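Here is a colleague's note for someone meeting this structure for the first time. Please keep the sequence and the model in view while reading.

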Amino acid sequence: MKSIWGDDCNDFKPERWIEKGGTIKHEPSYKFSVFGAGPRTCIRKQMDFTQMKIVAATIIRNYHIEVIQQSDHVPEGSMVSHVKIGFKIKVCRRP
Ligand code: HEM
(Lines give C-alpha, C1' and ligand atoms only; values in the text may rest on other atoms or scores of the structure.)
Protein backbone atom coordinates (compact mmCIF):
# COMPACT_ATOMS: atom_id res chain seq x y z
CA MET A 1 0.00 0.00 0.00
CA LYS A 2 1.35 3.41 -1.04
CA SER A 3 -0.10 4.94 2.10
CA ILE A 4 2.15 2.70 4.21
CA TRP A 5 5.26 2.06 2.08
CA GLY A 6 5.37 5.09 -0.24
CA ASP A 7 5.02 5.64 -4.01
CA ASP A 8 7.72 3.08 -4.87
CA CYS A 9 5.98 0.30 -2.89
CA ASN A 10 5.68 -1.93 -6.01
CA ASP A 11 9.34 -1.63 -7.01
CA PHE A 12 11.77 -4.46 -6.28
CA LYS A 13 14.11 -2.61 -3.90
CA PRO A 14 15.64 -4.93 -1.32
CA GLU A 15 17.76 -2.01 -0.13
CA ARG A 16 14.64 -0.53 1.43
CA TRP A 17 15.15 -3.00 4.29
CA ILE A 18 18.76 -1.96 4.95
CA GLU A 19 19.92 1.06 6.98
CA LYS A 20 22.63 3.37 5.60
CA GLY A 21 25.16 1.75 7.96
CA GLY A 22 24.37 -1.71 6.56
CA THR A 23 22.24 -3.01 9.42
CA ILE A 24 18.71 -4.39 8.98
CA LYS A 25 16.04 -1.69 9.14
CA HIS A 26 13.46 -2.24 11.85
CA GLU A 27 9.82 -1.86 10.84
CA PRO A 28 7.10 -1.88 13.51
CA SER A 29 4.93 -5.03 13.63
CA TYR A 30 1.78 -2.99 13.03
CA LYS A 31 3.31 -1.73 9.75
CA PHE A 32 4.97 -4.99 8.60
CA SER A 33 2.23 -7.29 9.87
CA VAL A 34 3.23 -10.62 8.24
CA PHE A 35 3.74 -12.23 11.65
CA GLY A 36 0.83 -10.45 13.28
CA ALA A 37 1.25 -7.90 16.05
CA GLY A 38 0.53 -7.40 19.72
CA PRO A 39 0.13 -10.15 22.32
CA ARG A 40 -0.60 -12.87 19.68
CA THR A 41 2.49 -12.17 17.54
CA CYS A 42 3.94 -15.33 16.00
CA ILE A 43 6.23 -16.97 18.54
CA ARG A 44 8.54 -18.21 15.74
CA LYS A 45 9.04 -14.73 14.28
CA GLN A 46 12.66 -14.18 15.39
CA MET A 47 13.69 -17.70 14.34
CA ASP A 48 11.89 -17.25 10.99
CA PHE A 49 13.80 -14.01 10.36
CA THR A 50 17.09 -15.74 11.19
CA GLN A 51 16.19 -18.62 8.86
CA MET A 52 15.24 -16.20 6.04
CA LYS A 53 18.55 -14.35 6.44
CA ILE A 54 20.48 -17.65 6.24
CA VAL A 55 18.56 -18.70 3.10
CA ALA A 56 18.95 -15.25 1.47
CA ALA A 57 22.69 -15.08 2.27
CA THR A 58 23.25 -18.61 0.90
CA ILE A 59 21.37 -17.84 -2.34
CA ILE A 60 23.06 -14.45 -2.86
CA ARG A 61 26.52 -15.97 -2.20
CA ASN A 62 26.05 -18.83 -4.67
CA TYR A 63 23.82 -17.37 -7.39
CA HIS A 64 23.50 -14.25 -9.47
CA ILE A 65 19.87 -13.17 -9.77
CA GLU A 66 18.65 -10.94 -12.57
CA VAL A 67 15.12 -9.54 -12.72
CA ILE A 68 13.67 -10.39 -16.17
CA GLN A 69 10.27 -8.79 -15.88
CA GLN A 70 9.50 -5.94 -13.51
CA SER A 71 5.72 -5.88 -13.09
CA ASP A 72 3.16 -4.55 -10.68
CA HIS A 73 3.31 -6.80 -7.66
CA VAL A 74 -0.36 -7.46 -7.08
CA PRO A 75 -0.51 -9.48 -3.87
CA GLU A 76 -2.36 -12.80 -3.82
CA GLY A 77 -4.81 -13.09 -0.96
CA SER A 78 -3.26 -15.84 1.14
CA MET A 79 -1.92 -16.74 4.58
CA VAL A 80 1.58 -16.03 3.26
CA SER A 81 2.52 -13.17 0.94
CA HIS A 82 3.03 -14.04 -2.68
CA VAL A 83 2.62 -12.31 -6.02
CA LYS A 84 -0.44 -12.98 -8.19
CA ILE A 85 1.24 -13.16 -11.61
CA GLY A 86 4.66 -14.26 -10.39
CA PHE A 87 8.01 -12.49 -10.56
CA LYS A 88 10.30 -13.55 -13.42
CA ILE A 89 14.01 -13.81 -12.62
CA LYS A 90 17.05 -15.48 -14.19
CA VAL A 91 19.21 -17.46 -11.80
CA CYS A 92 22.87 -18.25 -12.66
CA ARG A 93 25.39 -20.04 -10.46
CA ARG A 94 28.25 -17.75 -9.47
CA PRO A 95 31.65 -18.93 -10.70
C1 HEM B 1 7.13 -17.53 7.60
C2 HEM B 1 6.51 -18.28 8.49
C3 HEM B 1 5.44 -17.81 9.44
C4 HEM B 1 4.56 -16.77 9.34
C5 HEM B 1 4.41 -15.76 8.20
C6 HEM B 1 3.74 -16.80 10.53
C7 HEM B 1 2.71 -15.90 10.81
C8 HEM B 1 1.91 -15.96 11.92
C9 HEM B 1 0.76 -15.13 12.16
C10 HEM B 1 0.22 -14.06 11.21
C11 HEM B 1 0.26 -15.46 13.36
C12 HEM B 1 -1.01 -14.92 14.00
C13 HEM B 1 -0.78 -13.78 14.92
C14 HEM B 1 -2.14 -13.33 15.46
O15 HEM B 1 -2.98 -14.16 15.84
O16 HEM B 1 -2.37 -12.11 15.47
C17 HEM B 1 1.08 -16.52 13.92
C18 HEM B 1 0.90 -17.12 15.14
C19 HEM B 1 1.60 -18.17 15.62
N20 HEM B 1 2.68 -18.78 15.00
FE21 HEM B 1 3.47 -18.26 13.21
N22 HEM B 1 4.15 -17.84 11.32
C23 HEM B 1 5.18 -18.49 10.70
C24 HEM B 1 5.87 -19.58 11.15
C25 HEM B 1 5.65 -20.23 12.36
C26 HEM B 1 6.34 -21.42 12.80
C27 HEM B 1 7.40 -22.15 11.98
C28 HEM B 1 5.83 -21.74 14.01
C29 HEM B 1 6.16 -22.86 14.94
C30 HEM B 1 7.19 -23.71 14.79
C31 HEM B 1 4.85 -20.73 14.35
C32 HEM B 1 4.13 -20.69 15.52
C33 HEM B 1 3.09 -19.83 15.80
C34 HEM B 1 2.26 -19.88 17.00
C35 HEM B 1 2.37 -20.90 18.13
C36 HEM B 1 1.35 -18.83 16.89
C37 HEM B 1 0.26 -18.47 17.91
C38 HEM B 1 0.78 -17.44 18.88
C39 HEM B 1 -0.34 -17.04 19.84
O40 HEM B 1 -1.51 -17.07 19.46
O41 HEM B 1 -0.01 -16.70 21.00
N42 HEM B 1 4.76 -19.84 13.33
N43 HEM B 1 2.08 -16.80 13.02
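1. How much accessible surface does the protein chain have, and what percentage of this surface belongs to carbon and sulfur atoms? The accessible surface comes to about 8,200 Å², of which 59% belongs to carbon and sulfur atoms, as given by the Shrake-Rupley method with a 1.4 Å probe.

2. This is a predicted model, in which local features need pLDDT of at least 70 and side-chain atom pairs count only at pLDDT 80 or more, while totals for chains, interfaces and linings use all residues. Residues are numbered from 1 along each chain as its sequence is written, and side-chain values use heavy atoms, with hydrogens and water left out.

3. The protein chain holds two helices and four strands, in the order α-α-β-β-β-β from the N terminus; these are DSSP runs, with helices (H or I) of at least four residues and strands (E) of at least two. Its C-alpha trace spans about 45 × 30 × 25 Å along the principal axes.

4. Of the 95 residues in the protein chain, 8% are buried, that is, under 20% relative accessible area with a 1.4 Å probe, protein chains only.

5. Among contacts (heavy atoms within 4.5 Å) with a separation of 6 or more, 36% come from residues 24 or more positions apart.

6. There are 16 positive and 10 negative side chains in the protein chain, and the centres of the two sets lie 6 Å apart; Lys and Arg count as positive, Asp and Glu as negative, and His and the chain ends are not counted. Each charge is placed at NZ of Lys, CZ of Arg, CG of Asp or CD of Glu.

Definitions and conventions: Buried means under 20% relative accessible area, exposed over 50%, partly exposed in between (1.4 Å probe, protein chains only).
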